[in-house]
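Visitor: I would like to know how the labels attached to this model are reached. Please set each value against its cut-off.

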Amino acid sequence: MAVLGLAFNNLAKGLNCSLINLNHAIAATGQMEQDLIKCDIDILCITEPYIVNEHVLGFPTGYLKIYKQGSPWAAIILKTEYKFIPILITNDIVAINLEIDNVNMLLFISIYCSPSEEIDALSELGKILEQFKDEMIVINGDLNAKSPAWIPVEQDKRGKTLLEFIYRLDIDI
């Protein structure tokens, strides 16, 4: 299970962030619950969460789960001490503006694109990025796209589409 960790230490209080694809697995969710506490993670962007009866299950007290009820593919798990403003919450994208130190805002986006569908979520993502182009933005996701720009593999059609999107919007990888 791969976890990407980010730390924003230039903020008055460091912010520990991670991304993980749980592959709808209860075991992965249980391990991530332990890792949240052990690593003192403030915000976790997840894709393919474990769902029962239209709800994301797991995660310890002291954390808030942000997702669209039903069949969400993306979610954000956030320590309850943080204030946030929901920007967009769909099955595929969860975008929140996170208040840091009562002054700074940081836009967090968790996104998932199923390998069996077109990358339609890029259209919504583009709208969000345009609306908040002057803000600090962190995008975490699993777009099921292959490109040598991020891993040493042959580029597929989805990777080409995503890379063109990244270039067009001048996004740093």
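Predicted model: local features only at pLDDT ≥ 70, side-chain atom pairs only at ≥ 80, totals over all residues.

Guide: Residues are numbered from 1 along each chain as its sequence is written, and side-chain values use heavy atoms, with hydrogens and water left out.

Visitor: Why are α2 and α3 called roughly parallel to each other?
Guide: Helix α2 (residues 121-131) and helix α3 (residues 157-169) pack at an angle of about 10°, their axes being 12 Å apart. Angles under 35 degrees count as roughly parallel, so α2 and α3 are roughly parallel to each other.

Visitor: Which residues make the contact between α2 and α3?
Guide: On α2 they are Leu122, Leu125, Gly126 and Leu129; on α3 they are Thr161, Leu162, Phe165 and Leu169. Contact means heavy atoms within 4.5 Å.

Visitor: How many residues of each class does the contact of α2 with α3 have?
Guide: Six are nonpolar, two are polar and none is charged. Gly counts as polar under the classes used, and Leu and Phe as nonpolar.

Visitor: What makes a set of residues a nonpolar core?
Guide: The members must be buried Ala, Val, Leu, Ile, Met, Phe, Trp, Tyr or Cys residues, joined through side-chain atoms within 4.5 Å. The largest such core has 19 residues, and Ile93, Ile109 and Ile128 have the most contacts inside it. β9 (93-100), β10 (104-112), α2 and α3 each supply at least two of its residues, and α2 gives the most, with five. A second, separate core of 17 residues includes Cys17, Ala74, Ile96 and Ile100.

Visitor: How do you know whether Ile96 is buried or exposed?
Guide: Ile96, in strand β9, has a relative accessible area of 0%. Buried means under 20% relative accessible area, exposed over 50%, and partly exposed in between, with a 1.4 Å probe and protein chains only; Ile96 is therefore buried. Leaving out residues up to four places away in sequence, Ile96 touches, among others, Ile43, Ile66, Phe84 and Phe108.

Visitor: Why does Glu54 count as partly exposed?
Guide: Its relative accessibility is 44%, so Glu54 counts as partly exposed. Glu54 lies in the loop between β4 (51-52) and β5 (55-56), and has a positive phi of about 70° although it is not a glycine.

Visitor: What is the phi of Asn144?
Guide: Phi of Asn144 is near 50°, a positive value in a residue other than glycine. Asn144 is in the loop between β11 (136-142) and α3, and is partly exposed at a relative accessible area of 24%.

Notes:
Axes fitted to C-alpha atoms, helices over the stretch in contact; angles between N-to-C directions. Helix = DSSP H or I, 4+ residues; strand = E, 2+ residues; numbered from the N terminus. Parallel < 35°, antiparallel > 145°, perpendicular 65-115°, else oblique.
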